[in-house]
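Me: I have a structure open and want to go through it piece by piece. Can you take some quick questions?

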Amino acid sequence: MAITVQTVPRFPSLHGWANRILRVDLSDRRISAEEVTPYVPDFLAGRGIATRIAWDEYPEPVDPFDPASPLMVFPGVMTGSRSPYSGRTAVCGFSPQSYPYNFFTRSNIGAHFGGELKRAGYDGLIVTGASDTPVRILIRDDEVSILPADDLWGQDALDTIDALEAREGKGVRTLAIGQAGERLSRIATIQTASSSASGHGGFGAVMGSKKLKAISVLGSGRVSLADPERLNELTKAVGEEMRSVKHVPNTRAIEALNARLAAEGGGSVRPYACTESCPSPCMYYYKDMPGKSYSRMWNGHWTCVGGIFQGQADVEVYDWQLGLHGGMELNVLTNRYGLNQWDIIVGMVPWLEACQNAGLISEIDGRPMNWRSQDFWTAFLHDMAYREGMGDAFAEGGWRAAQVLDLGTDLVRRYYTGWGYPGHWDGHGAWCNHLVYPYWLVSALQWLTDTRDPIPSGHGYVVYMMSVTPLSKGGYATWDEVRAIGERVYGDPDSTDPYSGYNAKAFPAFYHTRRSVIKDCTPTDDFSSPMIFSPNTPDHFCRILDVDGPAVEAHLLRAGTGVDWDEDSLNTAAERVYTLERALQVRHWARNRRMDELVLPSFEYLENWQNP
C-alpha cells in the first residue's frame, strides 16, 4: 500500500478551541482540514460539534459498517489544558451496538489521547471511507499520514499501543482496536493507555470495518487560555474539594493492598490517574501480577465495572470467587481483545447464569459452564474475541446473542434495560449499583429519552442520593439538608425526598441529562460534576471559592475561552445540543414517545432493592 502524507493548513487560533477539524477519507486517501468557528461556541465541543456535523451531513442514517459511516473523535473545549478532569474525549458515530436502531450516539474515553490531539492543533477528527488493507493514521502536528498496518493486524490493542510507542517515540498517544474490533464485534471497544476504553457503542467495530487498526498523535503546541490565572485558581480549589470527598488512595491503603498481593501470589500497586488533568487520582495501577490461566505477568489499571471480574461474595450473581489475580487477568484480557466489560459483566454473564439456572443451557462449546473456573472464563473471552463457536453469537453482545441463539429471550430483558445496553443505576437490571425507589425514576426517564445507556455521564443524581444521604453509612447530609438542596437545585424539595414517590422527578432527569452534555463537551469527570453536595460546608451545599458548585463548569469555560457566558448560557448551549440529538433521531427514525416507551418493560420487574 502506498503511504499518504499531507500537511494540513492551520487557521487563526481561539482561546480553548484549536480552530481546526481534521478529516481523513480512507477510501480515496484524502486528508483535509476545516475551521471549527462555524460551530462554536454554540455547540461547545465534543459530542456537541459531532452532533451538528451529523445533522448537516447525514440527512439519512447509514449502516455503522458502511464506508460512509463516520468515526468522530472530538475532545472537549478545555481538553489539553489544566482544567480539572478535562482529558476526556467523545467518540461519536452510528452505533453497531444500539438496538433495534443503530442510533447516532456517543461514547467517551480517558487517558491522554484527547489532550495530545488538542496540542497537535485539532478540535476533532472525522474518519470516513474504508481501506482495502489494514492501515493506521499518524498525526504529528500539521503532518498527517495514512500508513500500512498489516504487521499490526491481529495483535491485541495494548500490544499495538506499545508497538507504536516504540516505533513513533515516547509520548505518542494511540487509540487502537484488538481482535474483537477486527472481527466487527458489536461490543468492540477502542482502547488507549492501559485500561481506558471507549466502551459502549461498539465503535471498535466501526474502526475494524474501515480496516483502521490505530490512530496515533504527537502534538507540540499548547492550548491558548483567556485567563490562565483564574483557571489555575479554580483548578486548585476543585482539586482540594474532590480529594476530600473522593476515594484517593493513601499510603496506608497502598501498603495494605501491596501486603495482600504479596500474601496471595505477588504483584504491586500504586495510585493512578486514568485521565489527563485529574487532580484527585482514585485508581490503582497493578504491576507484575502473575496470571492464572496464562504463564505471564500482567500490568494495567482497574476501572469501573472491571473490578467485579474477581467476584463479589455479597452479590449472588457475581459470586465468581476468582480473586484479585484471577480478576486482574480477565480485566487485562478484555482490554487487550477490546471487549466491552460492562456488557459482559452486567448483562451477558448474568443472562447466561439465569439460563443455566433455568436448565436451558449447561455448557458452551462442550465446556461445562463454571463461572468459578478461570480457564472457563479465559476460553469464553477468547472465543468471543475471535468469533469461534458460540463466541460468534456472544460477539454480537448479550442482547443480540439471546436472539441469535434463541436462548432465554424472556430472561435477557431482565439485564438489558434498553437500546441494546445492559442495566446501569436503574434499580432493576444492574446488580452492581445499589439504587432504591423513588430515585430510580430519574434513571428511568433518562433511559427512555436517550440513545444508549445514559448513566456514564449522568451519574450525578443517583450517586448523590445513594452516597451522601442517610441511605448510606457514609452519608453526611440530613434529610432536611437533602430536601433543602433539592429545592435549591431542582426547584422542589420532593425531588430528593425518600417518601416523595413520583413527585418532582422529571426536572432532575432533565437537569442531569443537560449536565451530561456539559460534562461530555467541556469536559469534566462524571463523578465530580455537577458539584452539588459537599461535606465541607455547614449546609452541605457545595461552593468552590466564590462560585456555587453547579456553576463551576461555566466559570472554567469562561476562564479558558473568554466567552462571557454564565451558568444559564451554558445550560442553553447544552439544551441546544441535546435537542439537536433528539431532532436527528426524529429525522432518521421517526422517534416519538411510543418509541421511548420501548424501555418501560425493563421497569416492570420487582426492584432489586427496597427503600428502607
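Me: How many bridges join strand β1 to strand β9, and do they run parallel or antiparallel?
Reply: This is a predicted model. In the model, β1 (residues 4-7) and β9 (residues 143-148) are antiparallel and joined by four bridges. Within that pairing, Gln6 has Val144 of β9 as its bridge partner.

Me: Which sense does β8 take when pairing with β9?
Reply: Antiparallel, over six bridges, with β8 covering residues 135-140. Arg136 sits opposite Leu147 of β9. The hairpin of β8 and β9 has two residues between the strands, and Asp141 there has a positive phi near 55 degrees.

Me: Zooming out, how many helices and strands are in the protein chain?
Reply: The chain has 19 helices and 22 strands. Its radius of gyration is 23 Å, close to the 25 Å from the globule rule for 612 residues, so the chain is as compact as a globular protein of that length. The C-alpha trace spans about 60 × 60 × 55 Å along its principal axes.

Me: What percentage of the residues is buried?
Reply: 62% of the 612 residues. As for contacts between residues at least 6 apart in sequence, 68% of them join residues at least 24 apart.

Me: Let's go to α17. Why is it described as largely enclosed?
Reply: Helix α17 (residues 552-561) has eight of its 10 residues buried, so the rest of the structure largely encloses it. The buried ones are Val552, Glu553, Ala554, Leu556, Leu557, Ala559, Gly560 and Thr561.

Me: And what do the buried residues of α17 pack against?
Reply: They pack against α6 (228-245), α16 (506-521), β21 (543-544), β22 (547-548) and α18 (567-589). Just after α17 comes Gly562, with a positive phi of about 80 degrees.

Me: What about the largest cavity, what volume does it have?
Reply: About 90 Å³. Helices α1 (47-57) and α18 and strand β6 (104-109) each supply at least two residues of its lining. Among the lining residues are Arg47, Thr51, Phe104, Arg106, Glu581 and Gln585. The lining of the largest cavity divides into three nonpolar, four polar and four charged residues.

Me: Last one, Thr334. Where is its place, and does it count as buried or exposed?
Reply: Thr334 is in helix α8 (residues 323-337). Its relative accessibility is 0%, so Thr334 counts as buried. Leaving out residues up to four places away in sequence, Thr334 touches Phe309, Leu339, Gln341, Ile344 and Leu381.

Conventions: Residues numbered from 1 in each chain as written. Predicted model: local features only at pLDDT ≥ 70, side-chain atom pairs only at ≥ 80, totals over all residues. Heavy atoms only, no water. Pairing = 2+ DSSP bridges. Rg over C-alpha atoms; globule rule 2.2 N^0.38 Å. Buried < 20%, exposed > 50% of the residue type's maximum accessible area, 1.4 Å probe, protein only. Contact = heavy atoms within 4.5 Å. 1 Å grid on protein atoms, 1.4 Å probe; cavity = no way out; pocket = protein on both sides within 12 Å on 5 of 7 lines; lining within 4 Å. Points joined across faces, edges and corners; volume = space filled by probe spheres on them. Nonpolar A, V, L, I, M, F, W, Y, C, P; charged D, E, K, R; others polar.
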